[in-house]
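Please read the following points alongside the model. They concern the two ligand sites and one further position, taken in turn.

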Amino acid sequence: MPTPRHDWTRDDVLRLLDLPFADLLQQAHAVHREHHDPNAVQVSTLLSIKTGGCPEDCAYCPQAARYSTGVEAEKLMTLDAVMAKARQAKAAGATRFCMGAAWRSPKDRDVPKVAAMIGAVKALGMETCATLGMLSPPQAEALKEAGLDYYNHNLDSAPEFYGEIIQTREYQDRLDTLGHVRDAGLKTCCGGIVGMGESRAQRAGLLHTLATLPAHPDSVPINRLVRVEGTPLAETRPLDPFEFVRTIAVARIVMPASMVRLSAGRAEMSDELQALCFFAGANSIFYGEKLLTTDNPDTGRDQALFARLGVHAMQIERQSTTVHADIVEPLITA
Ligand code: SAM
Ligand code: DTB
Ligand code: SF4
């Protein structure tokens, strides 16, 4: 298997996005087959452990306190409540449980509480992921110590488009947190959102930044903007679905060994569009009726889609500290 390149130029990435659709998909699918089982999809369930009331101004986000979106601010969930949701997710066939909090960054006093959740979810035999905002190096280390496998922290957009979307923290803050996460030995989950009104060149800018990080993210979530009423992006013109598929395909080509996650926005996608995304190289999804606060397809629809496509859920096999996600089994019916 060829070693992934880290020297992509922005022009290389834009040239890929500009290819005729069939040429791009053929290339992306060939890369996909070279590095992954094309019929296996990793399945994670998300839970919002701390919802709403966020001080940040991310223009897409229903959880920002400053927008009237109908999302009420809640306290951090209890360990028992989180465990009940994790058990449910496991029974439904998810192998990774991802806990999200509407924080700019966690307070030090919150870290032991989240660490307890991570330890308990891990003890169920699931992989763990968290997305809690910016982390200091000691916070990243404490989460690793608790048994965290992945940390999700997105770049969200190209550097030059970022200022149109978020003003309460800098692009560099995100790069710094990703560095702390890598230094702590955590796996990185890092991607962005498309369909926020950016240009194709700006989508190339996002993909180029991701593909030239010091290490390719282990997991690359590509979110299609979920337009939430009350947010500044509520009326944004929906992205051409083919442009979304192109973004997935180029992510696959430039980060060939990474998992590419067909992330937010699936509730509004047809089965055919999702199948095209899998063909283009997407090999993980969020599974379960809710993302954090917005809808995701129900589990029955996903199980039926997997069956129709002959797709299997990736299972995890634990050997000491190394996790191999290479055994495939059918998605378990709840
Ligand atoms: N507060 C933490 C942070 O921002 O890092 C963690 C949770 S935050 C909701 C995680 C990610 O969800 C964001 O970086 C963004 O990429 C994605 N997201 C939030 N709202 C979205 C929306 N309306 N559509 C698509 N993706 C969204
Ligand atoms: C990611 O890239 N997408 C997920 C996860 N990481 C945390 C979140 C999507 C959130 C969509 C809006 C919501 O449900 O609130
Ligand atoms: Fe807060 Fe995260 Fe939403 Fe931004 S994306 S407003 S940081 S919850």
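1. A polar side-chain atom of Asn 223 is placed 2.8 Å from an oxygen atom of ligand 2, a polar contact in the sense of a pair of N or O atoms within 3.5 Å. Asn 154 likewise brings a polar side-chain atom to 2.8 Å from an oxygen atom of ligand 2, and for Thr 294 the distance from a polar side-chain atom to a ligand 2 oxygen is again 2.8 Å. Taken alone, ligand 2 exposes 400 Å², of which the protein buries 89% (Shrake-Rupley areas with a 1.4 Å probe).

2. This is a predicted model, in which local features need pLDDT of at least 70 and side-chain atom pairs count only at pLDDT 80 or more, whereas totals for chains, interfaces and linings use all residues. Residues are numbered from 1 along each chain as its sequence is written, chains are lettered from A and ligands numbered from 1 in the order in which they are written, and side-chain values use heavy atoms, with hydrogens and water left out.

3. Around ligand 2 there are 13 residues, and the closest are Asn 154, Asn 223, Leu 292, Thr 293 and Thr 294; a residue is counted here if one of its heavy atoms lies within 4 Å of the molecule. By class this shell holds six nonpolar, seven polar and no charged residues, with Gly placed among the polar ones and Asp, Glu, Lys and Arg counted as charged.

4. A polar side-chain atom of Arg 169, for its part, lies 3.5 Å from an oxygen atom of ligand 1. Ligand 1 taken alone exposes 550 Å², and the protein buries 91% of that.

5. Where does Ile 118 lie? Ile 118 belongs to helix 4, residues 111–123 (a DSSP run of H or I with at least four residues). Ile 118 counts as buried because its relative accessibility is 0%, the limit being under 20%. Between Ile 118 and Asp 149 the C-alpha to C-alpha distance is 9.2 Å, with 31 residues separating them in sequence.

Technical notes:
Polar contact = N/O pair within 3.5 Å; in protein donor to acceptor, adjacent residues only side chain to side chain. Helix = DSSP H or I, 4+ residues; strand = E, 2+ residues; numbered from the N terminus. Buried < 20%, exposed > 50% of the residue type's maximum accessible area, 1.4 Å probe, protein only.
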